[in-house]
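Please view the sequence and structure below before reading on.

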Amino acid sequence: MLTILAFLLLFLSVWIVTPAPNLWLLPLAVGAPEVSPLLLAASALVVLLSLRKAGSRKLAIVVGLVAAGLAAQPYSQLAQVQRAFDRELARAFPNAATRPAPPDARPEPFVPLDLVRGLDTSDDLRVTRAVQYASHDGVNLVLDIYRPAGPGPYPIMLQIYGGAWQSGSRTDNETFARYFASRGYMVYAMEYRHAPRWTWPSPLTDTRAAITFARSHAKGFEGDPSSLVVFGRSAGAQLGMVAAYSGDGNVAAVVNYYGPTDLARGWEEEPSPDPIGVRSVLEAFLKGTPASQPQRYRDASPMTYAAAGAPPTLHIYGARDNVVLPQFGRDLHKRLSANGSRSVYLEIPWAGHAFDTLPNGLSAQVALYYTERFLASVLPHRGGA
């Protein structure tokens, strides 16, 4: 039994260092690093129990040690990652190190107990479902609003889900919406129209309408329209960045989790392996290839709008992301910084795409810790400038 368990743990731990070759195995490659501390503890336990067995189970010990070695890799990099991230945040915001974090922010980049119990969110929230924010081409578009129980005004967060522009729901990432609402934010979790029926720029039109709604209706929901944060993931991050960078300048900050930034280059430099078929996804969204639709690819790329005056932006990518390559996030960060905009780039060495699908996982906790500190450096309500 111990030998079987050791092999099972080895199989799971292998995906910490192995990219997913197809869509079916992608959840393993994304999830294994996020629960790696649990895999490490389980592998160590198998080794200890095998050593205590009469005649000791040598195969179980060897396999368990290999599994433990693989599972230990992310956690062993945590301190190094924290030092690098602290330096990067201090570079963009020199006063960040001396400014105290909000009292309700996470105390550490990783809290092992949270991996088991989940993120701490309040049950005493006001949640308003399915509020219509726009109607486009006969489609009524709605969002959910998460608010603290206490009086406002609250900084506003517009949350935009990912899903390759083809799927997803406003209820995705609800744990994060509840987490931020528990800490004094008003979170609008929006929906938008999906490809292939609705192609570019329809989802951008929806995103801009949601930003307009968030500002124009802020006071009615006790929000502060001057403290609007656009927070997107993957395809949602692309929509949020284009809307914020090409808009009227009334977005206070942008949080980009693993978003596509240069869509033509993303088509040309497809990942290998490519578990979702990046080229087919882009062609469905933009109605063709970069050769046949060059203007659409330019217009849909946040890189096109990375000019001076862009809102402060936090970019977080996984180094093992083989859906949206992290180099695209690095390049956008460099261009924003070169043009005088404040930009912070964080790369998690063990993480894959959509690492925060498990909201209390290792990478999600690290990302959340620095997201809170970034927002504290930007928003007056959180102690920033």
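The notes below treat the basis of the model, then the helix pair, then the pocket.

The model is predicted, so local features require pLDDT of at least 70 and side-chain atom pairs pLDDT 80 or more, while totals for chains, interfaces and linings use all residues. Residues are numbered from 1 along each chain as its sequence is written, and side-chain values use heavy atoms, leaving out hydrogens and water.

**Helix pair H1 and H4**
- The axes of H1 (residues 2-14) and H4 (residues 58-76) come within 8 Å and cross at roughly 25°; axes are lines fitted to C-alpha atoms over the stretch in contact, with angles from 0 to 180 degrees between N-to-C directions.
- H1 is therefore roughly parallel to H4 (angles under 35 degrees).
- Helices are DSSP runs of H or I with at least four residues, numbered from the N terminus.
- In H1, the residues that meet H4 include Leu2, Phe7 and Leu10, and their counterparts in H4 include Leu59, Val63 and Leu70 (contact means heavy atoms within 4.5 Å).
- By class, this contact of H1 with H4 has 13 nonpolar, three polar and no charged residues.

**Largest pocket**
- The largest pocket holds about 950 Å³ of space.
- Of its 42 lining residues, Gly163, Ala164, Ser234, His353 and Ala354 are the closest to its centre.
- A pocket is an open set of points on a 1 Å grid where a 1.4 Å probe fits, with protein on both sides within 12 Å along at least five of seven lines; lining residues have an atom within 4 Å of a point.
- H2 gives the largest share of the lining, four residues.
- The lining comprises 25 nonpolar, 13 polar and four charged residues.

Conventions: Helix = DSSP H or I, 4+ residues; strand = E, 2+ residues; numbered from the N terminus. Parallel < 35°, antiparallel > 145°, perpendicular 65-115°, else oblique. Nonpolar A, V, L, I, M, F, W, Y, C, P; charged D, E, K, R; others polar. Points joined across faces, edges and corners; volume = space filled by probe spheres on them.
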